[in-house]
Structures are given as C-alpha cells and as structure tokens.
Amino acid sequence: MSSRLSSRTAPAVALASLGLLLGGLAAPAGAATGTGKLSGTVTLDGGGIGFAKVQLYRNVIKGQESTKPVRVKTDNTDGRGRYSFTGIPVKSSYNYTLLVTDRTGRTVKTFRHVDPVAGKKVTKNVRMKVAALLTGTVMRADGGSPADLTVGVDIDTVDRGDAGPDFDMFFPEQRAAVKADGSFTLSGLPSGPAGTYANVKVSGGPYAEQCYDFVAVRLADCAPQDPASLQRQQITLAKGEARTLPNVTVTKLAPPVSRLTGTVTDTSGTPLKGMQVTVRALPSGEAEAGEPVLTRSSGGFTFPKVPAGTYVVRVDDPDGVWAKQYLGGGLNQWASQRVVVADGRPVRNVDVQLKSTATVKVGRKAGKGSAKVAVLITRTLTGSKPGGRVVLSHEGRTKEATVVNGRATLTLKSLPKGTQKLRLTYSGTSSTAGFTKTVTVKVQ
C-alpha cells in the first residue's frame, strides 16, 4: 500500500522511505473478525418456557455515539425453553442485546447484553420473572366507541439487569388496546417486591393523555413533577397479582397533532431502507416527537402524531456506511436545520439525501518545527478513492491540498516543539461525506 502512495509524488517517497505510514494504514477499526454462535435456555422457576420469542439486536458503536439497536435474528424456544443463533457477525464496533418475550404474558419481558465470540459458542441463559395483570373498563364522555383508546403502564422502578442505556427502547411504556365494550387487559407487567410502581395512563382518539387518580377514582392530568399528585397516581403490583381497576371516563380533549412524512435517498435519488430517523423538538433538541423510526424499502418514513412546534430531523445509518445527516445538509448542531409544524396540518416532503462515509489512513513525519502528513481516503460504499480538498491546521497555521485519487500530502511549518495536535479536515465530494480528524505529531 505504501509503495502505491509513494509512486504519486516525491514527498510521498520520503514518507514511505522513512516508514511513516503508520498503523492507520492497517485495516480500519471494526473490520469483520468472523462469526460466532449463541445459545441458551429461557426458564421460569427452574422450568423451561416453550415458544418464547427470542430476538437478537445489534448495536453499532461509532466513536462516542451508538446507533439505535436493530433486530438481526429471531428464534422461538423449543419445548424445553432452548434457543440458538448461528452466523452472528463479530466486529469490534458491534454490541448485541438479547430480548426475550413470553407470548402468554405470564412473565416480564427480559433483555440482557451478550458478547458473541468469533469461532466460538457462547451460552446465555435467561431466567424470567412472574408478571402481574391489570384489567378495567374505560369509556368516552362523548359516547363514542372507546376502541380507539389505549391504556398504558409507565414503569418507574424495575429490575433493569444489565440493560444499560437501551432500557427505554427494550422496555417502553406497555400499552393495550381498549375493546369496543371499554374493557382492556394489560399483561406481562413487572411486579413486586415493594418498590415497583407504575402510572396507568389512558390516551387515544381526540383525547389528551391522562392518568388514573386512585384516591379520587377518576382520570387526572399526569403529574410527574408534582410529588403529591404523583403519589395519588402510583400503583404497587404484587408478584403474579391480577388486579381490576375502577371504571373511568375520558373527558379532556387533546390539541391537534400533525403527520410528518419524508424520504431518505442517496445523492443520486436511490431510496435507502433501514435508515434511522429521529425528530427532536427545539430549542433544546432533547425531546423526541415519538420513537425513532427506520425507513421503509421506498426510503419513506412517517411520524404520525407530531404536536405543533419547531423540530429538527436527523438520519443515521446503523451500519455506518452512510454519513449522519441533518435535514437540509447541516452536520453541526440540532438547531442547524428546522421543520415547523402547525396544529393539525400535515408536513410532507421532509426529504434527506445521504452521502457515503469515508475512511482515512494517515502517515506522518515530524521535522524541526514542521510536520508532514500523507493521507489515503477511501469511500466506504464503493471502496473507490475520491477527490476533494484537505486542510491541515494548527493554531492559525494552515496548509491546503487537492486530493487526487484519494491521496494528498501536506507540510505544516513554524510549529512549536513538542507533541502537537493537528486538525485534518476533508471537504468531501458530491457523494462522499467530509470529516475532521486529529493527527498527533511530536515536532522536533
């Protein structure tokens, strides 16, 4: 690889002769190292649970960030509670989570992180816990069918095991549809010992979300910031308990919401399936307008219920082939691009184009008051070597060069002695995303 680089220019010859194309010219981090196997048994009180659904999710780590876990394999346990997965890709940038659901609702959905090992079989047994059950009846004040309502349980305290930051995704608020006669059943709920609490919420149709007030025996505004009201809305469930809640009627109307739709493509207009789309409210960029969604085969995505406000749209590729993008081309902060949503008015054509990511291999040579850096840039999607521009800078000193077939060499002079951190910025092209990288050099 270094001889090919040295054939381009005289400075590159110097770099190659001095052995300056360092470890960055090796295979990039995250390269495949093989496949592994995973198996285990799902049990309750020592007995195997048959026909439980076991799902394997992959999480990709990119620098300090991680993408939303994506389901890659599913198995059903046999009569003895056994499951098995083979051909699991093992990479340094991959983490996996095992999610187990008992279809009968008698146990609590459970998940555990697992670490497959290339060329080996890893065993991960999962012990389930007995769940509680809630039933009740909800009616509408306008006399309409309650079948468009749902009842949900927001768990405040529960055994998270080794779930970590993915807890809210794998254990979201549990919801059940209300039947035409107003009845509902919520199964699979976490239960005792004491300390497992939940708010029981009702929402749907034209009505605002409200919570059961178990003192007043009615629905009231949910009050997570009001300790006194929150105490009236909490419920403790014993192990295996089946409880019937008091009958209630929904009365509070909700403000209108809007439907937000769009499409994710590459720069040529080809639809991209499986991209993760997140819509967040400004100014903080912290509140999400619903859970992130994945694009369909058409590249399309939909957020069905977005309240009025100002939002930003972000798109991530779980596999890291396509660069993270904000609506309109911004790559900086959440506030860089905005989508304004008005009450009840649909927002269409929220379209985003993605560029391929790029990897860079760096060689460096430190001189007396100078640093020489050679780069080899590769487009992740195709493996081709793009053009563009690169800039090397340090405390006001800059050097710019044209990238030809992915290669460029830059020399930065008048640098202070000692270990210096240089900033390398690649402009990208019409189809390849740019990047910024820190290059550390020990100047003589």
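This note comments on the disulfide, the aromatic pairs and the charge-over-ring contacts of a predicted model.

1. Disulfide. A search of the whole structure returns 1 disulfide. The bond joins Cys211 to Cys222, with the sulfur atoms 2.1 Å apart. The link between Cys211 and Cys222 is right-handed, with 100° about the S-S bond. Distant parts of the chain are connected in this way: Cys211 belongs to strand β16 (residues 207–213), whereas Cys222 lies in the loop between β17 (218–220) and α4 (227–232), the two being 11 residues apart.

2. Cys222, at 26% relative accessibility, counts as partly exposed, because buried requires a value under 20% and exposed one over 50%.

3. Aromatic pairs. The structure contains 5 aromatic pairs. One of them is formed by Tyr83 and Phe85, whose ring centres are 5.8 Å apart; their planes meet at 50°, so the pair is classed as tilted. Tyr83 is buried, at 4% relative accessible area, and Phe85 is likewise buried, at 3%.

4. A further tilted pair. Tyr426 and Phe435 also form a tilted aromatic pair, with 5.3 Å from centre to centre and 40° between the planes. Both of these residues, Tyr426 and Phe435, are buried.

5. Arginines over rings. Arg58 is placed over the face of Tyr94, at 4.9 Å from the ring centre. Arg103 is placed over the face of Phe51, at 4.2 Å from the ring centre.

Terms used. Residues numbered from 1 in each chain as written. Predicted model: local features only at pLDDT ≥ 70, side-chain atom pairs only at ≥ 80, totals over all residues. Heavy atoms only, no water. Disulfide = S-S within 2.5 Å. Helix = DSSP H or I, 4+ residues; strand = E, 2+ residues; numbered from the N terminus. Buried < 20%, exposed > 50% of the residue type's maximum accessible area, 1.4 Å probe, protein only. Phe/Tyr/Trp six-rings, centres within 6.5 Å; stacked < 30°, edge-to-face > 60°. Lys NZ or Arg CZ within 6 Å of the ring centre and 35° of its normal.
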